[in-house]
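What can a reader new to this structure learn from its chain, its strands and a few of its residues? Please look through the sequence and the model before reading on.

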Amino acid sequence: MDRISSLPDEVIEHILSFLSTKEAALTSSLSKRWRDVFVFVPSLDLDYARQDRRDNPRQFIDFVVSLFNRKGKSPIKKLALKIHLDDDQYVLDQTRVQSWILNVLERGGVADLDLFITFRGKFQLVPLLIFKSNTLVKLRLGRGFTIKLSHENVYLPMLKTLCLDTVDFDGDHNVFETLLPRCPLLEELVLEDQRWKQRQWCGSVSSPSLKRLSIRFYNIPIISLDVPSLVYLEHSCIFGSKYANVNLDSLVEARINLWVEDKPLRKLRDGSALLVPADMMDLITGIKNVKVLHLTSDALELFYFSGQDLPMFDNLVYLSIASDKKQGWQILPLLIKNSPNLETLVFKGLEHYVTTKCGDACVCSGYMEKSPSCLSSSRVKVLEISLYQGTSRELNQVRHFLMKLPFLELVKIRAANNIQVPIDVQYLLKLPRASSNCKIQAIF
């Protein structure tokens with residue numbers, strides 16, 4: 001007997017829980033000892049995609065039905081069910097799949113549900129029994145569901161993580177006003193829907209317990225965030241939202257992934273369109289106490305057009321900026337100046353839109369090396385640059401940072417994968433610098 005087969009059933013079941021159910025079932029052919037072990041693994045990972053033509057729907061159904069029968073009434077702690085079907089698959093219908101979900105719920109003890117289901121482009125109602133579970137800790141609903149709730153059929157006392165990916169909400173009322181208060185321990189909420197011009201969420205989140213919030217929507221006209229315990233925020237949507245209420249008193253880290261289309265951006269630059277300062281400033285003020293801030297190139301430029309009354313970021317120690325040649329760095333000098341405790345500055349690319357308004361943070365307008373700079377008073381110790389292409393403009397920018405940041409201790413330069421010209425690494429390592437303690441690491 002091999003060493004693994006000599007292990008107790010509980011240990012083998014734990015090992016098999018890291019495999020999909022179909023993979024775990026293959027181990028039953030190893031020996032009699034393994035024949036039934038996979039059946040009692042307390043998790044099910046079932047995935048049927050139309051692209052996988054090795055099994056037809058009937059074979060998949062027979063496998064699942066047989067598995068449930070062999071499990072008897074043993075509890076299932078985790079169910080991951082992913083089904084993607086085209087118009088021609090009628091055998092595997094919504095009623096059958098709903099019966100499987102209910103089977104797991106009725107056994108009791110389920111802690112983790114991950115359901116990602118699409119039926120011929122149609123949405124199905126979420127089984128209400130899900131929203132009455134006393135044991136559910138993590139719930140993910142994706143792509144194939146419509147949520148219809150009332151106060152009397154919702155109570156999730158143990159739920160800590162909720163992910164809703166492109167689901168529909170039935171009814172005129174705010175589903176979240178019903179759902180979130182009935183999840184007293186909820187700590188993480190993920191909302192995602194990238195369907196253009198469609199909006200199924202009212203834009204309001206209110207929860208005293210929530211600690212992590214990720215919002216990835218195409219369009220959100222009005223946003224209200226009343227989440228005083230939140231420590232992490234990811235906010236992704238197109239430019240144009242109004243921020244009716246922003247309560248982020250405990251926020252530590254923010255990822256602001258706003259984006260703006262070319263035409264509106266051109267209008268902002270030439271002054272033919274105005275960005276109402278309060279629209280962006282309410283968000284900016286709401287995140288001013290963060291320690292870690294990640295900005296996309298669009299978000300960085302939109303900060304500039306929100307007005308020059310940028311608040312102080314006294315707690316900020318880590319700033320990451322994704323740079324792009326279509327967006328500018330106009331706000332960067334003021335952002336660095338208003339971040340007196342900044343220690344790590346990260347650039348994902350150095351190429352950016354050339355403008356005379358970048359001030360002394362860059363070399364866009366032929367800035368003189370001997371002139372004073374906002375960088376000279378910065379306490380930045382670590383500078384990280386990725387996606388480095390080795391162009392002359394990028395080299396001048398690196399030289400500018402080295403000469404103007406007096407407290408630098410470490411500079412990391414990581415090359416892009418698609419470098420067009422060879423980079424003289426030795427030349428980079430020998431560049432003059434304001435800090436005698438500064439070391440340069442070039443990763444190519």
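The report below begins with the whole chain and then turns to a sheet, a core and several single residues.

## The chain as a whole

The structure is a predicted model, and its protein chain has 11 helices and 21 strands. Of the 444 residues of this chain, 48% count as buried, while the chain as a whole exposes about 21400 Å², with carbon and sulfur atoms supplying 52% of that area.

## An open sheet of parallel strands

Three strands form an open sheet in the order β10-β12-β14, and their pairing is parallel. The edges of this sheet are held by β10 (204–206) and β14 (242–247), and each of these has a single partner strand, so one side of each is left without a neighbour in the sheet. From one strand to the next, the twist averages 5°.

How many bridges join strand β12 to β14? There are 5 bridges between β12 (residues 222–226) and β14, and the two strands run parallel. Within this pairing, isoleucine 223 has tyrosine 243 in β14 as its bridge partner. In general terms, the strands of a sheet pair through backbone hydrogen bonds, in either a parallel or an antiparallel way.

## The largest nonpolar core

The largest nonpolar core of the model has 116 residues, and those with the most contacts inside it are Ile130, Phe131, Leu141, Ile147, Val205, Ile287 and Leu293. Helix α8 (residues 297–305) gives the most to this core, with 6 residues.

When residues up to four places away in sequence are not counted, leucine 293 touches Ala254, Ile256, Ile287, Phe313, Leu316, Tyr318, Leu319 and Ser320.

Glycine 142 has its place in strand β5, which covers residues 138–142. Is this glycine 142 buried or exposed? Its relative accessible area is 0%, and because buried means under 20%, glycine 142 counts as buried.

Not counting residues up to four places away in sequence, glycine 142 touches Leu115, Phe116, Ile117 and Asp165. Threonine 118 is 24 residues apart from glycine 142 along the chain, and the C-alpha atoms of the two are separated by 8.4 Å.

## Two residues with positive phi

Threonine 166 is not a glycine, although it has a positive phi of about 55°. This threonine 166 lies in the loop between β7 (161–165) and β8 (168–169), and with a relative accessible area of 9% it is buried.

Leucine 387 likewise is not a glycine and has a positive phi, here of about 60°. Leucine 387 lies in strand β19 (residues 382–388), and its relative accessible area of 48% makes it partly exposed, because that class lies between the limits of 20% and 50%.

## Cysteines

How many disulfides does the model contain? The count comes to 0 disulfides, where a disulfide would need a pair of cysteine sulfur atoms within 2.5 Å. Cysteine 362 counts as buried at 0% relative accessibility, and cysteine 438 also counts as buried, at 6% relative accessibility.

Definitions and conventions. Residues are numbered from 1 along each chain as its sequence is written. This is a predicted model: local features need pLDDT of at least 70, side-chain atom pairs count only at pLDDT 80 or more; totals for chains, interfaces and linings use all residues. Side-chain values use heavy atoms; hydrogens and water are left out. Helices (H or I, at least four residues) and strands (E, at least two) are DSSP runs, numbered from the N terminus. Buried means under 20% relative accessible area, exposed over 50%, partly exposed in between (1.4 Å probe, protein chains only). Contact means heavy atoms within 4.5 Å. Accessible areas come from the Shrake-Rupley method with a 1.4 Å probe; for residues, only the protein chains shown count as cover. Two strands pair if DSSP finds at least two bridges between them. Axes are lines fitted to C-alpha atoms, for helices over the stretch in contact, and angles run from 0 to 180 degrees between N-to-C directions. A nonpolar core is a set of buried Ala, Val, Leu, Ile, Met, Phe, Trp, Tyr and Cys residues joined through side-chain atoms within 4.5 Å.
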